[in-house]
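Take a look at the model below.

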Amino acid sequence: MPNRLAHETSPYLLQHAHNPVDWWPWSAEAFEEARRRGVPVLLSVGYSSCHWCHVMAHESFEDAATAAVMNERFVSIKVDREERPDVDAVYMEAVQAATGQGGWPMTVFLTPDAEPFYFGTYFPPAPRHGMPSFRQVLEGVDSAWTDRREEVAEVAGNIVRELAGRSLAHGGQGVPGEAELAQALLGLTRDYDERYGGFGGAPKFPPSMVVEFLLRHHARTGAEGALQMAADTCEAMARGGMYDQLGGGFARYAVDREWVVPHFEKMLYDNALLCRVYAHLWKSTGSELAKRVALETADFMVRELRTAEGGFASALDADSDDATGRHVEGAFYVWTPQQLRDVLGDEDGDRAADVFGVTVDGTFEHGTSVLQLPGEEADPQLRARLLAAREERPRPGRDDKIVAAWNGLAIAALAEVGAYFERPDLIERATEAADLLVRLHMDFSAQGVRLVRTSKDGRAGANAGVLEDYADVAEGFLALASVSGEGTWLEFAGFLLDIVLDQFMAEGGALYDTAHDAEQLIRRPQDPTDNAAPSGWSAAAGALLSYAAHTGSEAHRAAAEGALGVVKALGPRAPRFIGWGLAVAEALLDGPREVAVVGPQGDPATGELHRAALLSRAPGAVVAVGEADGAEFPLLRERPLLDGRPAAYVCRNFVCHAPTSDADELSRQLNG
């Protein structure tokens with residue numbers, strides 16, 4: 001008998017729809033039920049591709065005896081953190097404050113007023129490694145609730161007051177300047193792993209946004225050390241096990257310092273960000289490896305994450321069935337020397353083992369190895385034969401929900417990669433995803449455009465978009481506008497950014513993660529630090545700045561500068577955790593530059609100038625292309641042809657270069 005999750009759009013919630021647990025989705029009705037019954041709420045937060053979420057579900061939530069205790073003594077609520085990042089953020093902050101650590105699955109016990117009083121993450125079915133069993137936790141919480149209710153209420157009240165008292169130190173007035181960005185670079189240099197690339201030790205996450213800052217800093221200042229750290233880190237990631245050497249695309253992170261063994265889940269946001277990073281690295285260095293990885297990652301997203309509606313799915317699971325039918329992590333991706341020989345024959349199999357670092361002992365579990373590329377490039381035919389053989393294996397599950405923010409990141413990446421490498425099919429895929437967001441996720445009303453966070457199978461979810469949705473979708477639309485020459489995308493970005501100004505702004509330039517009229521939680525989430533993807537705060541700063549450069553809007557420019565005050569405070573102290581904010585600050589210091597390309601559509605000279613503009617390394621430069629004195633973009637107004645020929649105009653900070661019809665001269669103006 002399915003529980004109340006059967007009609008949800010989240011694949012994660014649907015995975016629990018047939019549990020014997022009487023799950024509720026997050027709703028006022030669930031808390032009302034807890035009040036009516038006089039029991040606490042058990043809040044369980046996870047996501048579809050989370051390995052330990054699956055483990056705990058199998059061990060505890062599918063167990064009838066455990067479910068009976070949960071149903072009798074609690075109202076149990078299941079939340080997909082990717083659908084409700086606001087709920088996740090608020091209670092994760094409480095978990096980290098109370099325990100010093102966090103993660104998923106997240107298990108929090110709440111009063112019927114949603115106030116937390118006991119916390120944890122994964123709990124095993126039997127006590128181990130100093131952890132109580134999940135049943136012991138249930139018994140203990142129930143006992144405290146029954147026998148010491150006043151004490152529980154006091155603890156919960158204290159936690160809520162402590163969280164409410166955490167005001168964000170915004171860092172005062174002013175935008176980050178040369179001094180702060182130089183200090184941030186110095187801090188990154190200290191954290192840099194000179195031997196293996198990347199920052200810090202194990203586990204190692206792809207530092208996409210930090211690399212964007214390093215590339216922009218090098219472009220603006222010529223700092224060779226910044227470019228070297230970016231290039232070496234990207235090469236190490238692309239040659240390691242975190243990159244799929246056969247099918248393209250990146251896993252979530254490496255469990256070791258050397259980038260050998262990944263945590264195998266593949267997330268849309270990582271791949272969108274890294275696809276763009278490698279394309280930008282190619283712009284800076286001309287690296288063939290960077291070009292290959294950018295294109296393969298774009299092709300991976302289209303091939304494996306694109307949905308029937310034209311959007312991009314959230315993730316591929318880490319786990320799948322191995323040859324014995326066990327559901328284990330990494331089974332789809334790992335190889336033994338014998339498996340290589342079985343596919344390729346002895347001679348080619350041994351050669352592939354050498355090329356991909358596959359050993360008899362294995363680099364992963366049970367004598368298997370993750371494919372790497374430590375030396376020479378692999379023979380494309382070897383790769384193609386292995387990829388075809390791998391396609392016969394049981395595939396990892398796919399989380400098919402469309403998350404607005406992550407699709408915005410994918411649109412930006414695919415549009416740019418398509419333009420740089422003359423792949424119009426990728427620009428088409430970006431446009432189709434953008435069309436889907438407009439059609440299904442954007443709700444137009446008299447109050448402005450409101451965004452729905454998720455959809456699945458062509459059906460919009462019930463959850464309101466958060467700041468990162470508005471900001472990342474605007475970022476995607478702005479990139480698509482520059483590449484396609486269609487001003488509609490600039491207009492749509494403007495609708496979304498007007499809502500950012502109206503609904504997410506706080507005093508002194510700060511931003512909230514949820515809208516003023518969003519559901520009120522025990523605390524209003526507000527976090528400027530970049531994590532796996534840009535924070536809504538820094539993403540909004542970037543999109544606002546680009547939109548202001550396109551339109552001349554003082555309100556959007558002022559909002560971007562106000563939001564960057566936090567980068568002035570945090571950039572020098574914690575540069576690894578505000579990389580996109582630092583990248584936006586680089587764009588601000590560079591102008592950003594505004595490029596208008598005027599000329600007839602289809603004219604090769606117009607195309608050449610447009611391409612030169614798009615390939616500029618100038619941080620955050622915005623590009624408009626269209627007819628002379630065209631109405632498609634504000635930057636085209638009063639821009640005539642030059643002696644009857646297509647022309648480019650470059651301006652920044654209210655000062656313009658002489659217009660040019662020479663693509664090489666345009667490149668000099670932009671990259672000088």
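## The nonpolar cores

Which residues in the largest nonpolar core touch the most other members? They are Leu214, Tyr278, Met301, Val417, Phe477, Leu511 and Leu666, out of 155 residues. A nonpolar core is a set of buried Ala, Val, Leu, Ile, Met, Phe, Trp, Tyr and Cys residues joined through side-chain atoms within 4.5 Å. Buried means under 20% relative accessible area, with a 1.4 Å probe and protein chains only. Helix α16 (residues 404–420) gives this core its largest share, 12 residues. Helices here are DSSP runs of H or I, at least four residues, and strands are runs of E, at least two, numbered from the N terminus.

A second, separate core has 30 residues, among them Ala17, Trp23, Phe123 and Trp145.

## How the model was read

This is a predicted model: local features need pLDDT of at least 70, side-chain atom pairs count only at pLDDT 80 or more, and totals for chains, interfaces and linings use all residues. Residues are numbered from 1 along each chain as its sequence is written, and side-chain values use heavy atoms, leaving out hydrogens and water.

## Helix α19

Helix α19 covers residues 488–504. Its buried residues include Trp489, Phe492, Leu496 and Phe504. Among the elements that cover them are α17 (424–441), α18 (467–484) and α20 (536–551).

## Lys266

Lys266 sits in strand β8 (residues 266–267). Lys266 counts as buried because its relative accessibility is 2%. Its side chain reaches the backbone oxygen of Gly248 at 3.2 Å. Beyond its neighbours within four places in sequence, Lys266 is in contact (heavy atoms within 4.5 Å) with residues including Asp244, Phe300 and Tyr333.

Note on methods:
The expected span of a helix is 1.5 Å times one less than its number of residues. Buried means under 20% relative accessible area, exposed over 50%, partly exposed in between (1.4 Å probe, protein chains only). A polar contact is a pair of N or O atoms within 3.5 Å; within protein, one must be able to donate a hydrogen and the other to accept it, and residues adjacent in sequence count only if both atoms are side-chain atoms.
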